[in-house]
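These are notes for a colleague who is opening this structure for the first time. Please read them with the sequence and the model side by side.

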Amino acid sequence: MLRSLHALVISFFVAGWFAAADTSAGELPTDLKPLGGHWFLKTTPKSDKASSDRPIYFYRDGEQFVDLFSYHTKDSNQDGIDNLRLSHDENFLIIESQGYPNHPTAIFPNSGNPNSIRVQSFKFRLPLRPKLAESITRLPRGPIGMALNGVVFFNPFEMEGQNAVAGYSEVWLDSCCGHPQQTGVYHYHKYPTCVKSPFRENGKQHSPIIGFAWDGFPVYGPFESAGVKAMDLQGGQALDVCNGHTDELRGYHYHATPGRFPYILGGYAGVVETSNSRDLRRPQQGAIEDNTQPGTRMEDVLVSVRPGTASRGKTHQIQLVLKPENARRRFPDGTPSWVQVGPYEAGKITRQGNLVTADFAIPEDAAVDILLDVHVEFGGNRNPMAFKRNEAFRVVD
């Protein structure tokens with residue numbers, strides 16, 4: 001069902017969405033009501049009959065007040081229910097989520113994953129006033145936080161407790177860095193390159209927020225400032241074992257670390273809301289540790305992507321080099337049914353021998369200087385053969 005909706009979803013994605021209240025040096029806009037911490041509720045005049053019934057929540061990010069969620073409340077799977085429904089009480093922002101990706105995904109099940117994506121019925125509580133804890137709380141199994149689109153983050157480990165992102169225990173994630181588990185929960189184990197934020201990720205400033213951890217602290221993208229990734233900081237500003245640090249504008253917050261364990265979170269530095277996970281009712285302490293096993297079990301079939309870069313606002317022709325002899329089963333003879341680079345879907349696809357050529361339209365607001373995964377599928381909408389290459393492409397100015 002998801003693939004049939006891709007044309008609708010990608011039109012939202014490419015068009016983008018932005019809402020930040022006008023401010024002067026962080027001055028509170030008159031139509032925002034403080035709820036606690038960084039959270040505010042937009043008040044609507046009674047005379048404005050055309051306004052939506054949905055409450056609109058703003059978050060103070062540095063000196064701006066930004067609406068993080070309105071872009072993502074759309075009914076992307078067309079079941080009559082918004083992806084996200086938001087409310088609050090005295091202590092929490094309450095988020096009801098279908099956990100359903102609003103970006104293109106691989107077809108599931110496929111040769112790399114036997115599970116299907118299913119609509120969920122999540123209800124999460126984010127503390128309005130997050131507080132640092134005296135000790136680190138260990139990440140639970142299952143959801144450890146939530147991206148802005150309502151899709152959940154998982155810790156870096158697969159079912160048997162090994163690193164799911166790298167090494168011999170690496171699992172098959174689509175080019176949007178997600179996949180479903182046995183009950184159909186689509187989730188991210190690493191920096192989700194397809195989650196769109198109200199702000200562009202242009203690599204020229206501090207990254208925007210991409211989600212929240214269960215202690216209420218925000219998770220930002222990888223950049224600390226122009227051309228500087230947070231994971232490369234040293235000294236007092238270096239990220240801690242939880243993947244977080246503090247600055248004067250934002251207070252304590254986490255950063256995703258592409259290609260470096262723990263990828264999203266290493267533990268909770270704050271006081272965790274235990275209702276978000278059964279495992280947190282009897283929490284363990286301490287940050288997780290990398291246990292990558294050397295080697296790989298992934299099929300090295302998609303061996304090269306060329307060129308490895310493309311500029312924004314143009315259509316590009318990209319070539320994928322295949323090595324069929326590395327496949328574990330008989331390799332298909334025909335043209336791929338699907339090629340995806342990060343969130344971008346191929347238009348025209350052709351194949352000559354082991355060379356696949358695909359056309360991609362890269363939008364003006366594409367995130368830049370972020371390494372994107374590439375995946376290719378053979379066989380249409382029913383359990384296709386799927387292959388991928390990690391961190392093989394990036395968009396540049």
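1. A residue is called buried here when its relative accessible area is under 20%. C242, with a relative accessible area of 1%, is therefore buried. The model is a predicted one, and the points below should be read with that in mind.

2. Which cysteines form a disulfide? C176 and C194 do, with their sulfur atoms 2.0 Å apart. The count for the structure is one disulfide. The angle about the S-S bond is -85°, and the link of C176 and C194 is left-handed. C176 sits in the loop between β11 (152-154) and β12, while C194 sits in the loop between β13 (186-188) and β14 (209-213), so the bond ties together parts that are 18 residues apart in sequence.

3. C177 is buried, with a relative accessible area of 3%. The residue is placed in the loop between β11 and β12.

4. Backbone angles come next. Most residues other than glycine have a negative phi, and most peptide bonds are trans. C177 has a positive phi, near 75°, and is not a glycine. N243 is not a glycine either, and its phi is positive at about 80°. N243 belongs to the loop between β17 (228-229) and β18 (244-247), and counts as buried at 1% relative accessibility.

5. Where are cis peptide bonds found? One runs from F108 to P109, with omega near 0°; P109 is in the loop between β7 (92-97) and β8 (122-127). Another joins R306 and P307, with omega about -10°. P307 lies in the loop between β21 and β22 (309-311).

6. As an example of the pairing, K314 has I362 in β27 as its bridge partner.

7. Four bridges link β2 (residues 32-36) and β3 (residues 39-42) in the antiparallel sense, and P34 stands opposite F40 in β3. The hairpin of β2 and β3 has two residues between the strands, and G37 takes a positive phi near 60° there. β3 and β4 (residues 57-61) also run antiparallel, joined by three bridges. In this pair, L41 is opposite Y57 in β4.

8. What is the volume of the largest pocket? The value is about 1000 Å³. Its lining has 42 residues, and S169, E170, V171, W172 and R297 lie nearest the centre. The elements that give two or more residues to this lining are β12 (178-180) and β29 (385-396). β29 gives the most, with five residues. By class, the lining of the largest pocket has 15 nonpolar, 17 polar and ten charged residues.

9. The structure has two cavities of 30 Å³ or more, and the largest cavity holds about 100 Å³ of space. The largest cavity is lined by 13 residues, of which K190, Y191, P258, L371 and E391 are the closest to its centre. The lining of the largest cavity has seven nonpolar, three polar and three charged residues.

Note on methods: Residues numbered from 1 in each chain as written. Predicted model: local features only at pLDDT ≥ 70, side-chain atom pairs only at ≥ 80, totals over all residues. Heavy atoms only, no water. 1 Å grid on protein atoms, 1.4 Å probe; cavity = no way out; pocket = protein on both sides within 12 Å on 5 of 7 lines; lining within 4 Å. Points joined across faces, edges and corners; volume = space filled by probe spheres on them. Nonpolar A, V, L, I, M, F, W, Y, C, P; charged D, E, K, R; others polar. Disulfide = S-S within 2.5 Å. Buried < 20%, exposed > 50% of the residue type's maximum accessible area, 1.4 Å probe, protein only. Pairing = 2+ DSSP bridges.
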